[in-house]
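The following exercises concern one protein structure.

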Amino acid sequence: MAMAKCKECKQEVSSKAKVCPHCGVKNPTITAKDQFVGAIILVVIIAGLWIWLSGDSEPEKAPDQIAAEKTEPQPSQAKTLKGGYGACISEDLFDQLTSAAVNNDERAINYLMSNGCLMTKAGVPISVLDTSWGTAKVRAYVGDQAVVLWTNIENIQ
Ligand SMILES: [Zn+2]
C-alpha cells in the first residue's frame, strides 16, 4: 500500500486513507494542489461533453413521434414531405380532398387534383407553419418558388 504524508500532521498515512489516523483530518493525502488539478480536469471533461452534446447531430425521430408533436409546430426546423399524400393550395380544398378520399369519391378526387390539389413528391423541403387536427399548413420550396400548402400531418418528416 502506498504511503504518503498527511497534509496536516506530516505523519505517514496510507494514500487511500479517507481520514488521517493521527490527527483525524479528512483526505489527509489530497492537497489543495491536487484538488485544483482535479477541478481543472472536471471542467475540461464537462466542456468536452457539452461540445459533444451540442454538436450538429440532430436526434432522429420516429414518424409517429413527429405526429405526436402536432400541437407544437416548429417552423424553424427543416423538414421535408414524405410524399404520396395529397396537398392543396387552400385549407378548404384540402378539406374537400380529405372528404373525397374518405368517401372514395374518385370523380371528386380527380377534379380536385387538377384544381388546386396535387399528389406530393417525397423529399420536398418545407417549413411547417401550423398544424391542427391532423392537417398541416406548410410552406413548400420548389426550386426558388415557395408555395403554401395544406396536407396531412403524416406527410411531414
Ligand atoms: Zn494527520
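**Exercise 1.** In this predicted model, does K137 count as buried, partly exposed or exposed, and why?

*Solution.* Begin with the location: K137 lies in strand β7, which covers residues 135–142. Next, apply the criterion: a residue is buried if 20 or more other C-beta atoms lie within 10 Å of its own, and exposed if 12 or fewer do. K137 has 18 C-beta neighbours inside 10 Å and therefore counts as partly exposed.

**Exercise 2.** Identify the residues that K137 contacts, leaving aside neighbours within four places in sequence.

*Solution.* With those neighbours set aside, the contacts of K137 are L129, D130, V148 and W150. For a separate distance, take S127: 10 residues separate S127 from K137 in sequence, and their C-alpha atoms are 8.7 Å apart.

**Exercise 3.** Determine how helices α3 and α4 are oriented relative to each other, and which residues make their contact.

*Solution.* First, the geometry: helix α3 (residues 91–102) packs with helix α4 (residues 106–113) at an angle of about 150°, and their axes are 8 Å apart. Angles over 145 degrees count as roughly antiparallel, and α3 and α4 are therefore roughly antiparallel to each other. The crossing of α3 past α4 is left-handed. Then, the residues: α3 contributes L93, Q96, L97, A100 and A101, while α4 contributes A108, I109 and L112. By class, this contact comprises 7 nonpolar residues, 1 polar residue and no charged residues.

**Exercise 4.** State the order of the secondary structure elements from the N terminus.

*Solution.* The protein has 4 helices and 8 strands. From the N terminus, they follow the order β-β-α-α-β-β-α-α-β-β-β-β.

Key: Residues are numbered from 1 along each chain as its sequence is written. This is a predicted model: local features need pLDDT of at least 70, side-chain atom pairs count only at pLDDT 80 or more; totals for chains, interfaces and linings use all residues. Helices (H or I, at least four residues) and strands (E, at least two) are DSSP runs, numbered from the N terminus. Two residues are in contact if their C-beta atoms, placed from the backbone, lie within 7 Å. Axes are lines fitted to C-alpha atoms, for helices over the stretch in contact, and angles run from 0 to 180 degrees between N-to-C directions. Angles under 35 degrees count as roughly parallel, over 145 as roughly antiparallel, 65 to 115 as roughly perpendicular and the rest as oblique. A crossing is left-handed if the near helix is turned anticlockwise from the far one by less than a right angle, and right-handed if clockwise. Ala, Val, Leu, Ile, Met, Phe, Trp, Tyr, Cys and Pro count as nonpolar, Asp, Glu, Lys and Arg as charged, and the others, Gly among them, as polar.
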